[in-house]
Amino acid sequence: MVAWTRRRFLQAGAAGLGAGLGTGLVPPLMPLSAASAGAVREFTLVAQPGRAPVVGAPHPETAVWTYNGAFPGPLLRARQGETLRVNFVNRLPDPSTIHWHGIRLPNAMDGVPGLTQPPVPPGGEFRYEFRLPDAGTYWYHPHLDSSRQLGRGLYGALIVDEAAPPAFDRDVVWVLSDFVLGADASIAGGFGNMFDAAHAGRIGNTVMINGRVPAEVTLRPGERVRLRLVNAANARIFRLRFGRLPATLLALDGHPVEPVSAGEGVVLGPGMRADLLLEAGADGERHTVVDDYYRGRAYRLVDLAVAGASPIARAQGAPPRLPDNPLAEPVPEGAERLKLVMGGGAMSPGMREAMRAGAAWTINGKAQTGHAAGGHAGHAHAPMYRLRLGRSYVFEVHNDTRWPHPLHIHGVAFRVLSMNGRPLAQRPWRDTVLLEPEMRAEIAFVADNPGDWMIHCHILEHQEAGLMTSMRIE
Ligand code: C2O
Ligand code: CU
């Protein structure tokens, strides 16, 4: 390790661990040092086993996998246009990589073993370095043995600040996830079992905010909070409702939308993010945040209590429209149309035979399992789609199964044009689109980022059991 590593490790600590990625709302983040566009922001991430007080006393701590000893990993923060450099050190007993979910980066930095880099072996290192073209809320996680590695806690948030961020009283990150915990608060085994793989995936029995079973969260009277939600769970889909607390949707998967009330609930499949504006009312108000995505299984996620002194109001007026990211606008008319049909899963024909072969799911009839089996770029993944650099494409996605799937595409952001044939008013930019059973969606993007890019369901047990493919942009 070179000399700056220790210093950079501490810097990462100051931005994430020290600032208290603890229960509930994260305290104000460290202000960015004045940095010119094009500056390099450098961190070291050491993947290593550790312990975390997930449930809290009197329950024992939980053995987890961490970055820099922290669960979730440190919050990485940089400014749009800067270069992020991360020195990754693998001190796990298994090979790993880091994928930068949602970041439009050069292919060689995408962290996909067998496609963009060899796996980083135990004791190995890899330097990731890329420019951050888009502002917004992103996250990072391994892309190898994902069900087990994320299922033990390897993930963290990556925030890219706008060049001139709109004013909020506080900027808060909630990394949402869950664990399957036993009575002794240890993570249960059973990763990779075919039952989870063929059904809804590994859904935990313990939901966490920033790695802790949440306690009550305090908002100050009248304060306006930018709440950044990241769904880092293996399989759980959330629909968060904020009760009577005014909540406005500002961005999806990092990319701004026209501000719209989040009163219908904020749906987040695994991998997805949302930025909200929360507007606290008067002293003494209480609000319960409920997750009611799964029918008949609604539960209280956390209570928000409005109390204390008002902040010096920095944020006022109508909800801010965040500045657009520099995305190339696809031209759907006349674009080449490609089909992506997801098949398989429990209750589909032919399942028994497929499951015996370790595959429960298919894309266009093909199951791709064995991520990184070859170890070097090119072997494990022959691309299903070949796209010409600079052209517009429309994918017609069809979920021909009885299960919901959050479909994620690397390397690009796409507009969601329609759901079930109904055009969307906002046509939001996303990197992950949630398709309910039997649903169809049209998505469009410009193939402006050359390389081999993964396309997969972000329910990690589905991904590993076949719901994965790739496209080549050349
Ligand atoms: Cu969040 Cu292919 O990953
Ligand atoms: Cu899926």
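The talk below goes from the whole chain to single contacts.

Biologist: What should I know before I start?

Modeller: This is a predicted model, where local features need pLDDT of at least 70, side-chain atom pairs count only at pLDDT 80 or more, and totals for chains, interfaces and linings use all residues. Residues are numbered from 1 along each chain as its sequence is written, chains are lettered from A and ligands numbered from 1 in the order in which they are written, and side-chain values use heavy atoms, with hydrogens and water left out.

Biologist: What does the secondary structure of the chain come to?

Modeller: Helices (H or I, at least four residues) and strands (E, at least two) are DSSP runs, numbered from the N terminus. Here there are 5 helices and 31 strands.

Biologist: How many of the residues count as buried?

Modeller: Buried means under 20% relative accessible area, exposed over 50%, and partly exposed in between, using a 1.4 Å probe and protein chains only. In this chain of 474 residues, 60% are buried.

Biologist: Which residues touch the most other members of the largest nonpolar core?

Modeller: In soluble globular proteins, nonpolar side chains tend to be buried together. A nonpolar core is a set of buried Ala, Val, Leu, Ile, Met, Phe, Trp, Tyr and Cys residues joined through side-chain atoms within 4.5 Å. The largest one has 63 residues, and Trp 100, Leu 387, Phe 395 and Met 471 touch the most other members. A second, separate core has 36 residues, including Met 272 and Leu 434.

Biologist: How do I read a salt bridge?

Modeller: Look for a side-chain nitrogen of Lys or Arg within 4 Å of a carboxyl oxygen of Asp or Glu. This structure holds 32 of them. One joins Asp 161 to Arg 228, at 4.0 Å from N to O. Asp 161 is in strand β8 and Arg 228 in strand β12, 67 residues apart. Both Asp 161 and Arg 228 are buried. They also belong to a network of salt bridges with Arg 77, Glu 162, Asp 171, Arg 226 and Asp 275.

Biologist: Which protein donors does the copper ion (ligand 2) have?

Modeller: Donors are N, O and S atoms within 2.8 Å of the metal (3.2 Å for Na, K and Ca); water is not among the atoms, so sites may look incomplete. The copper ion has His 405 (ND1), Cys 457 (SG) and His 462 (ND1), lying 2.0 to 2.1 Å from it. Their spacing in sequence is H-x51-C-x4-H. Both Cys 457 and His 462 are buried.
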